Amino acid sequence: MMCADLIDMKKDIRAMENAGIEYLHFDIMDGSFVPNYALGVCMIEQVRRETNLPLDIHLMVERPELKTGYFPFREGDTVSVHAEGTVHLQRLLQSLRREGIHPGVAMNPATPVEVLEYVLDVADFVLVMTVNPGFAGQVIVEETLRKIENVRSYLDERGYRDTVIQVDGNVSFENARKMKAAGAGNFVAGSAGLFRTDMTIPEAAKKLREAIR
């Protein structure tokens, strides 16, 4: 949603609904965990009034366990938190799940796969960042394609074949195809994939689906 038209958000929401988008992805940035500020509670509340689409909220913040209470989460939403952002990762994921939320672990390009070891039973998905978080319009960190493969193998070897890998960062049509081949199953599309200047949102969504088919 940080790539949407903030002046005419309704237009983009309607276009995403018509395109069959499954979730609206919000990047929440605190200026500390990442070098940027983006979106927030008021915007989420306003979007809630405009659509029934579930929300996918990515908390790029320090100490998210102190801030989850700010947000109007609903049962069925997905919420990802960074392993480096909290010293109580297991407890936070568990508390989110108890609220009917689908919790996920977000991993920066350099985050070791092993951070997942003791939280697999309370994580519904893993978000692999394919750029360093903070800004839209970046170029993919090529090494993250191998990381997607490593995370997929790590999950499968431990019996978590149903745990989905979400990817975020330069999810273009070409990159989405490579990410899918590496093991990704959920794609966060921004300026490279959905909010493009050369086609409408429904056109871009159709082409992205064709790329990952």
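In helix H5, spanning residues 173-182, the buried positions (under 20% relative accessible area, with a 1.4 Å probe and protein chains only) are Phe-173, Asn-175, Ala-176, Met-179 and Ala-182; helices here are DSSP runs of H or I with at least four residues, strands are runs of E with at least two, and both are numbered from the N terminus. The model is a predicted one, so local features need pLDDT of at least 70 and side-chain atom pairs count only at pLDDT 80 or more, while totals for chains, interfaces and linings use all residues. Residues are numbered from 1 along each chain as its sequence is written, and side-chain values use heavy atoms, leaving out hydrogens and water.

The buried residues of H5 pack against helix H4 (143-157), S7, S8 and H6, where contact means heavy atoms within 4.5 Å. Just after H5 comes Gly-183, with a positive phi of about 130°.

Over in strand S1 sits His-25, which is buried at a relative accessible area of 9%. Its side chain makes polar contacts (N or O atoms within 3.5 Å, one able to donate a hydrogen and the other to accept it; residues adjacent in sequence count only if both atoms are side-chain atoms) with the side chains of Asp-27, at 3.0 Å, and Asp-56, at 2.7 Å. Leaving aside residues up to four places away in sequence, His-25 touches Met-1, Asp-56, His-58, Gln-166, Asp-168 and Val-188.

Definitions and conventions. Buried means under 20% relative accessible area, exposed over 50%, partly exposed in between (1.4 Å probe, protein chains only).
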